[in-house]
Amino acid sequence: MKWWVPLAIACLPAALAAQNDIPDIEEGYEKVTCGSTIKLSNKATQFRLHSHGVTYGGGSGQQSVTAFPDGDDANSYWLVRAAHDRQCIRGQPVPCGAVIRLRHGNTQGYLHSHAHRSPLSGQQEVSCYDGDDGGDDWLVQCVDSTQDVWLREQPVQLVHVDTKAYLSAQAQYQYGQPIPGQLEVAAAKSGSKYTHWVAQEGFYFTN
């Protein structure tokens with residue numbers, strides 16, 4: 001399958017529309033697509049999926065993944081890529097039920113999970129890891145069963161393929177130093193309001 005195709009790009013600013021708190025989306029850019037760089041907001045907390053150069057002090061010792069309160073931080077960008085050992089065409093919409101990877105924009109690690117326990121809640125640890133293996137694969141589960149593809153501003157759940165656990169963030173699990181105010185991101189055994197994520201700001205491609 002060809003990887004590169006002619007494309008266009010749209011940049012969505014962080015500002016939200018005044019009336020309904022949903023940003024205006026340019027026609028033709030309503031879908032989350034392969035190759036787009038996006039920010040994911042946890043619907044329950046409004047914190048963004050985030051990573052940085054801070055590693056876990058226990059567990060795997062890998063690069064930590066958190067939820068960050070501010071929308072304008074560059075460490076909250078993630079590149080949408082195909083599953084491990086797969087390819088997708090840049091600008092191709094991501095179907096509901098597709099398996100993807102998310103690569104952190106600044107550090108180049110992949111959103112990852114495994115059997116280690118998360119530091120605050122004791123759930124399954126989520127890390128940012130550059131091992132490029134099946135532990136980086138996440139299934140996109142659209143909350144609205146009538147949707148065929150992943151749509152911006154519409155909630156999805158990200159289910160870890162290897163362990164069937166759900167990407168989650170809860171306000172009650174908040175870090176102190178050295179990352180005060182950030183929330184733990186973990187993988188939960190089941191879906192809930194804390195496992196709903198929305199694609200918001202970013203650089204979106206279309207074909």
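**Close-up A. Salt bridges of the predicted model.** A search of the whole structure finds two salt bridges, where a salt bridge is a side-chain nitrogen of Lys or Arg within 4 Å of a carboxyl oxygen of Asp or Glu. The structure is a predicted model, in which local features need pLDDT of at least 70, side-chain atom pairs count only at pLDDT 80 or more, and totals for chains, interfaces and linings use all residues. Residues are numbered from 1 along each chain as its sequence is written, and side-chain values use heavy atoms, with hydrogens and water left out.

**Close-up B. Salt bridge between Glu 201 and Arg 48.** The closest N and O atoms of Glu 201 and Arg 48 are 2.6 Å apart. Helices (H or I, at least four residues) and strands (E, at least two) are DSSP runs, numbered from the N terminus. Glu 201 is buried at 6% relative accessibility, and Arg 48 is buried with a relative accessible area of 11%. Buried means under 20% relative accessible area, exposed over 50%, and partly exposed in between (1.4 Å probe, protein chains only).

**Close-up C. Salt bridge between Arg 101 and Asp 132.** Here the closest N and O atoms are 2.7 Å apart. Arg 101 is in strand β6 and Asp 132 in the loop between β8 (124–129) and β9, and the pair links distant parts of the chain, 31 residues apart. Arg 101 counts as buried at 5% relative accessibility, whereas Asp 132 is partly exposed, with a relative accessible area of 38%.

**Close-up D. Disulfide between Cys 34 and Cys 88.** The S to S distance in this disulfide is 1.9 Å; a disulfide is a pair of cysteine sulfur atoms within 2.5 Å. Cys 34 sits in the loop between β1 (8–12) and β2 (37–42), and Cys 88 in the loop between β5 (78–82) and β6 (99–104), so that distant parts of the chain, 54 residues apart, are linked. The torsion about the S-S bond of Cys 34 and Cys 88 is about 65°, so the disulfide is right-handed. Cys 34 is buried, with a relative accessible area of 2%, and Cys 88 is buried at 10% relative accessibility.

**Close-up E. Disulfide between Cys 96 and Cys 142.** The sulfur atoms of Cys 96 and Cys 142 are 2.0 Å apart. Cys 96 lies in the loop between β5 and β6 and Cys 142 in strand β9 (residues 138–142), so the pair ties together parts that are 46 residues apart in sequence. With a torsion about the S-S bond of about -90°, this disulfide is left-handed. Cys 96 is partly exposed, its relative accessible area being 22%, while Cys 142 is buried at 12%. The count comes to two disulfides, and they follow the pattern 1-2, 3-4, with bonded cysteines counted along the chain.

Close-up F. Strands β2 and β5 run antiparallel and are joined by two bridges; two strands pair if DSSP finds at least two bridges between them. Leu 79 in β5 is the bridge partner of Thr 37. β2 also pairs with β13 in the antiparallel sense, over five bridges, and Gly 202 in β13 is the bridge partner of Ile 38.
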